[in-house]
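Open the structure in your viewer and keep the selection tool at hand. This tour goes stop by stop.

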Amino acid sequence: MASHLAQDQGQNISIAPLLNGLMGGKHARSQKATTADEIAAALSLVFQDKLSPIQCSSLLTILRTTGRDREASVLARCGQAMREAAAQVSRKALRNIARVRGRKEGSYRGGFCDLVGTGGDGWSTFNVSTTASIVASSLLLLSKHGNRASSSTSGSADLLQAIKPKAPVIEAVNAKVLPSVYEKSNYAFLFAPIFHPGMRHVAPVRKELGFRTIFNLLGPLANPVEGNIEARIIGVPQEDLGPVFAEALRMNGARKGMVVCGEEQLDEISCAGRTHCWRLIDRPNPAFRGPRDEEDEEFTTSDEEGEPRSLIDIERFTLEPLDFGLERHPLSEVSPGRMPAENAATLMKLLQNELPSGNPILDFVLLNTAAMFVIAGVCDSDTSDMGHGDDGKVMRETGPGGLRWKEGVRRARWAVESGQALASLERYIEASHAATDQ
């Protein structure tokens with residue numbers, strides 16, 4: 001990439017050759033297609049404040065108009081560049097926390113999880129992914145990566161900051177204190193401006209452009225603790241982005257996850273009808289000849305020329321509320337989303353088990369929480385001992401993808417009705433306040 005950049009007299013670096021290559025101009029270098037690595041290298045200059053506003057806006061506009069920002073390889077590499085520019089979290093510290101605090105069950109190994117949507121679907125529904133992530137943290141370690149609203153009335157950060165009587169101090173949770181937060185809580189909110197300070201350099205350009213750019217897609221691929229994420233669910237607002245994101249996840253080394261898009265072009269699992277799903281499945285590679293036992297000291301060694309230990313397949317299927325044992329609710333009953341204060345009040349009613357059975361928002365949250373439990377693997381267990389209120393009656397019925405979606409709902413209901421979801425939020429709030437002193 002460096003050979004195609006020219007240093008300006010000031011602090012900026014020119015990417016004119018790359019821009020010309022993206023446009024396919026007559027002076028494009030050797031008429032070769034610009035690679036994903038080159039695009040990511042150019043994007044990384046944004047985080048260093050080394051692109052002029054004109055070239056930055058040109059890059060974002062060309063990526064949008066040519067459709068290069070919707071290629072799996074481009075999203076994967078640009079997501080990696082964004083993570084590399086982020087505030088770095090100690091992976092070793094998080095691994096140790098997962099070993100000590102992670103609750104292994106079924107095929108869930110106690111690692112960190114994320115439940116996130118790209119936004120931009122135009123429905124402005126209730127903050128379902130944020131709420132579902134809190135409920136899911138009753139059994140899983142959750143790293144919720146999010147920001148304030150850009151296209152809706154209430155973003156994940158807006159919701160959390162509106163909680164009463166005591167809201168979390170989301171700005172206090174940074175890369176340095178994150179491990180200490182997880183020592184006290186299963187849940188942490190990773191506020192994007194804190195973990196991605198370089199994004200401030202592109203904010204004025206994005207605001208003036210007025211249309212969605214590649215940065216509106218990269219959020220779910222830029223979780224600062226990516227290297228410690230065991231499982232995730234990502235919602236996309238257009239069906240054609242589903243296989244693209246699934247492939248981008250596979251390119252980035254993800255082994256367990258699912259991309260979803262409601263049939264209404266909703267970036268959540270829909271409570272109104274069908275949801276298109278693309279699930280990453282980690283399958284043993286029959287050609288692998290190395291150690292298969294994790295206790296073997298050679299398990300973590302690798303031979304770059306040898307066969308990989310496992311292969312990641314992408315399986316597509318559809319889900320609908322009936323697969324979870326729930327009724328359908330039109331999106332009009334969960335949208336448009338209210339202002340943060342009203343949504344936060346609804347969140348607290350839900351966590352305090354004050355919403356009646358069959359409430360549309362409750363069912364919407366149960367659907368998405370259940371899916372997180374299923375994809376993480378806790379529903380693979382044939383036994384259940386979650387704690388007080390758990391009758392231990394595992395629902396072994398399987399649905400699309402051969403997975404136990406109804407068991408996911410059973411566990412999600414327990415999290416709400418037992419008060420464990422509320423307790424998890426309260427522990428996070430206290431941990432975030434304690435972080436202000438660090």
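**A walk through the model**

Start by selecting Ser310. Ser310 counts as buried, because its relative accessibility is 15% and buried means under 20%. Ser310 sits in strand S9. Ser310 and Leu249 are 61 residues apart along the chain, and their C-alpha atoms are separated by 15 Å. Keep in mind that this is a predicted model.

**Past strand S9**

Next, select Val334. This residue belongs to the loop between strand S9 (310–319) and helix H13 (340–351). Is Val334 buried or exposed? Val334 is buried, with a relative accessible area of 3%. Val334 and Ile361 lie 27 residues apart along the chain, yet 5.9 Å separates their C-alpha atoms.

**Helix H11**

Move to Asn216. You will find Asn216 in helix H11, which covers residues 215–218. Asn216 is buried, at a relative accessible area of 13%. Show its side chain, then show the backbone of Thr213. A polar atom of the Asn216 side chain lies 2.8 Å from the backbone nitrogen of Thr213.

**Two backbone stops with positive phi**

Select Asp49. Look in the loop between helix H2 (36–47) and helix H3 (53–66). Asp49 is not a glycine, yet its phi is positive, at about 60°. Asp49 counts as partly exposed, at 42% relative accessibility.

Now go to Gln265. Its loop runs between strand S7 (257–262) and strand S8 (275–284). Gln265 also has a positive phi, about 65°, although it is not a glycine. Gln265 is partly exposed, with a relative accessible area of 27%.

**A cis peptide bond**

Select Lys164 and Pro165 together. Which form does the peptide bond from Lys164 to Pro165 take? The bond is cis, with omega near 10°. Pro165 lies in the loop between helix H7 (156–161) and helix H8 (178–182).

**Out to the surface**

For the last stop, select Arg91, Lys92, Arg95, Arg99 and Lys104. These residues gather in a patch of positive charge on the surface. Zoom in on Lys92, one of the patch residues. Lys92 is part of helix H5, residues 91–101. Why does Lys92 count as exposed? Its relative accessible area is 57%, and exposed means over 50%. Compare Ser310, where the tour began: Ser310 is buried, at 15% relative accessibility.

Note on methods. Residues numbered from 1 in each chain as written. Predicted model: local features only at pLDDT ≥ 70, side-chain atom pairs only at ≥ 80, totals over all residues. Heavy atoms only, no water. Patch = residues over 30% accessible without salt bridge, like charges linked within 9 Å, V, L, I, M, F, W, Y side chains within 5 Å. Areas by Shrake-Rupley, 256 points an atom, 1.4 Å probe, with all protein chains shown as cover. Salt bridge = Lys/Arg side-chain N within 4 Å of Asp/Glu carboxyl O. Lys, Arg positive; Asp, Glu negative; His and termini not counted. Charge placed at Lys NZ, Arg CZ, Asp CG, Glu CD. Helix = DSSP H or I, 4+ residues; strand = E, 2+ residues; numbered from the N terminus. Buried < 20%, exposed > 50% of the residue type's maximum accessible area, 1.4 Å probe, protein only. Polar contact = N/O pair within 3.5 Å; in protein donor to acceptor, adjacent residues only side chain to side chain.
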